[in-house]
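Open the model in your viewer and keep the selection tool at hand. The tour goes from the whole chain to single residues.

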Amino acid sequence: MFAVVISLLYFNLYYKSFEDKIGETSVIEGYALKNTSYTNYSSGYDIKITKIDDKKVNVKSKLYTEYPCDLDDYESFRMTVTFIEMEDNVFGFPEKNYNISNGFLLKTISTNEHKNYDYFGTIKKPPSSIFTECNKYFSNILYKHLERDNYKFVDALLLGNKYELPASMKRDFRTLGLSHIIAVSGMHFSILFGMFGTLLGLLKIDKIVINIILIVFAIFFMGLTGFSPSVTRSAIMFIIYSLSFLFGRTNDSVTSLFLSVTLVCIINPNAVFDVGLLLSFSATLGIITLGSILKPKTKIKPLKFILESFIMTICAILFTLPFMWIFFGELSIISPLTNIIVNLPATFILYLAPFIIILNKIPPLLFFAKVLINLFCNIFFAIVEFFTQFSGSTVSLGYDFVKYVFIVLIAGFLVLSFMKIKNPIVYFIPVVASILVFSVCLFIYNMTESKIVRINYITYKNNDGFIVVNGNRGMICDISDGSYGITNIANNLLSDNYYMLEIDTYMFTHYHQRHISTFYRISQYTYVRNVILPEPVNEVDKNVFNNITALAELNGCNVIIFSKDEDVSIVLFDNIQIDLMKYTKLKRSTHPVLSLSFKVNDLNYLYIGSSAHETLNFFGADVVVYGRHGPILKSLIDIGDKYNFLQYIIYGNQEIFDMVKYKFDVHYKIHNDNHYNTEIIFNLKNKR
């Protein structure tokens, strides 16, 4: 309770005081803690701010610059920045909570407009920097001796350095329920300290001395991995266990767990927001409570290992479900299987990784450690690659009926807690009941949704796009200049409104250079199963086309190419026909005319880019969208009453609405900055 009060006061009094600065431009002074990204056009740093507009402060911040800014660790500087809102949800990850829990209360950006900064040299490093230097030293040894992808994985697994991990690897781990593998916590402690304890025991060292050595090592390991809340929780729990042995006391795992979390929250109030700590705490609680009850009694060691892995995984999933629901909104249904399979290679990798560092100066012994760790890493990645081929392995927890599933699960465990259970298998009854309730509700939902098609028009700035949804399949149609806006909105709508965690189809209507980086970003964070691309018509298009096809093939996407020499039709989801007009230009613009229609049974949903009306007629259309992207409208459009069969008109913005005149009654929708999407629903059987 005391820890909770401290955390609440911290956030209400301290954290909230910095929220008022969002949107302000100020001059800050501070020093760099760590470089997080660096390119020819941007850079990112973790920084400590010591002054804001000459007023002393002491706060950590995420800094992004829209130009290359070369800062060394602990180098002090003065810079003009704008404080911006932290992103709350980045492709399913609670980025804001994660940053706050690590002490980053502000996010700042330095633009080209305010590109003025001064360097003041390197400050005196704090004593804690020794841990950072050790981490870098060990990381460089791993980098020197391991294959590149293997190094990034082992560096995260052993030392907690996740910055180098590719987003696609994190995506794969999240999808398969393996994210805990790269979050240093209790599992890592039990493996590493179990190994070191065994090695010290083989040296015939007294158990008291062994426990003292391990306590010192636990403190060192906390610092080595950055004192993250989940690592600190595990280390404190281990230290409590060792101290109980030293003082001849009986260790109570549940008490140790709650005490360790309490101490973490008192020492670091930020930790109350740390998702890793909450997941680590709940998973450990499930394992030491329900897991101990369900412990298998078989004496066959291979079978016992498999059963224990399965039971521990199930218990961890059950107890972390509330936090998975709140923070991620998704659950990997194959995680019990994947965890059992990867547990063995992951354990061997953790056993071997310290020996790469220890044997660094002994080449003959180092050779065998390198070969083995690369072998187990390749096995691990092969397993991950195999399972990521299957779509639907992760399900959304955003459905409205999920709360009823939780009610069934919690009610079942509450009833069992008041009963004297002799057979532990009984504890699986509420689990099975919850799975059945979820499965039935999901089946009914998908059956209902499979009978309708949802077409959602999206606008953002001067760009357009669509998402098309039918059942459990969704498409993004990108009609933009390649910027992130449309893709981000579309992906968020698919996951938040339609509970889709994968993109079945991603479609381009034309090319801009920025489409390469946009597609790279979405394919790194989300699975895209199919890509529909127009045939390139010039050298610039060919460059974009070649880059996107290469990215698609690298990520296992099926590529579909359509001709631009003639009007074409593409069948989507077996029941939607997409018609695209051939490549056309207006005399007054170099931008291609953009037009496409979605036909569902006898209904026609027609999109026309800005000014495309000059080359088209609307006969047969039920819904017409006047989009933003393309040449700017130059003259008034007077369609009189000739298109009085239209049932709905959607305008990309107020300016387009003001340019279109007609004399018949029709429903319409105008997009603006506060309204960026409009959904039209088509029934596959009956006309609406």
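**Before you start**

This is a predicted model: local features need pLDDT of at least 70, side-chain atom pairs count only at pLDDT 80 or more, and totals for chains, interfaces and linings use all residues. Residues are numbered from 1 along each chain as its sequence is written, and side-chain values use heavy atoms, with hydrogens and water left out.

**Stop 1: the whole chain**

Select everything. The chain has 20 helices and 24 strands. Both are DSSP runs numbered from the N terminus: helices are H or I with at least four residues, strands are E with at least two. Along the principal axes, the C-alpha atoms fill a box of roughly 95 × 70 × 55 Å.

How does the radius of gyration agree with a compact globule? For 688 residues such a globule would have a value near 26 Å, and the chain has 29 Å, which agrees. The radius is taken over C-alpha atoms, and the globule rule is 2.2 Å times the number of residues to the power 0.38.

Now colour by burial. Of the 688 residues, 51% count as buried. Buried means under 20% relative accessible area, exposed over 50%, and partly exposed in between (1.4 Å probe, protein chains only). The chain exposes about 33,300 Å², with carbon and sulfur atoms supplying 60% of it. Areas come from the Shrake-Rupley method with a 1.4 Å probe; for residues, only the protein chains shown count as cover.

**Stop 2: Val184**

Select Val184. Find it in the loop between helix 5 (167-175) and helix 6 (186-202). Is Val184 buried or exposed? Val184 counts as buried, because its relative accessibility is 5%. Show its neighbours: leaving out residues up to four places away in sequence, Val184 touches Ala156, Leu157, Leu158, Gly160, Phe221, Thr225, Ser230 and Val231. Then draw a distance to Gly471. The C-alpha atoms are 38 Å apart, across 287 residues of sequence.

**Stop 3: salt bridges**

The whole structure holds 14 salt bridges. Each is a side-chain nitrogen of Lys or Arg within 4 Å of a carboxyl oxygen of Asp or Glu.

Select Glu330 and Arg174. Their closest N and O atoms are 2.9 Å apart. Glu330 lies in strand 7 (residues 330-332) and Arg174 in helix 5, so the bridge ties together parts 156 residues apart in sequence. Glu330 is buried at 6%; Arg174 is partly exposed at 21%.

Move to Glu29 and Arg78. Here the closest N and O atoms are 2.4 Å apart. The pair links strand 1 (residues 25-38) with strand 4 (residues 75-84), 49 residues apart. Glu29 counts as buried at 18%, while Arg78 is partly exposed at 26%.

**Stop 4: a nonpolar patch**

Select Phe305, Ile306, Leu344, Phe348 and Tyr351. Together they make a nonpolar surface patch of about 420 Å². Helix 12 (301-328) and helix 13 (335-358) each give two or more residues. Helix 13 has the largest share, 3 residues. Tyr351 is in helix 13 and is partly exposed at 33%.

Patch residues have over 30% relative accessible area and no salt bridge; like charges are joined within 9 Å, nonpolar side chains (Val, Leu, Ile, Met, Phe, Trp, Tyr) within 5 Å.

How values were computed
Contact = heavy atoms within 4.5 Å.
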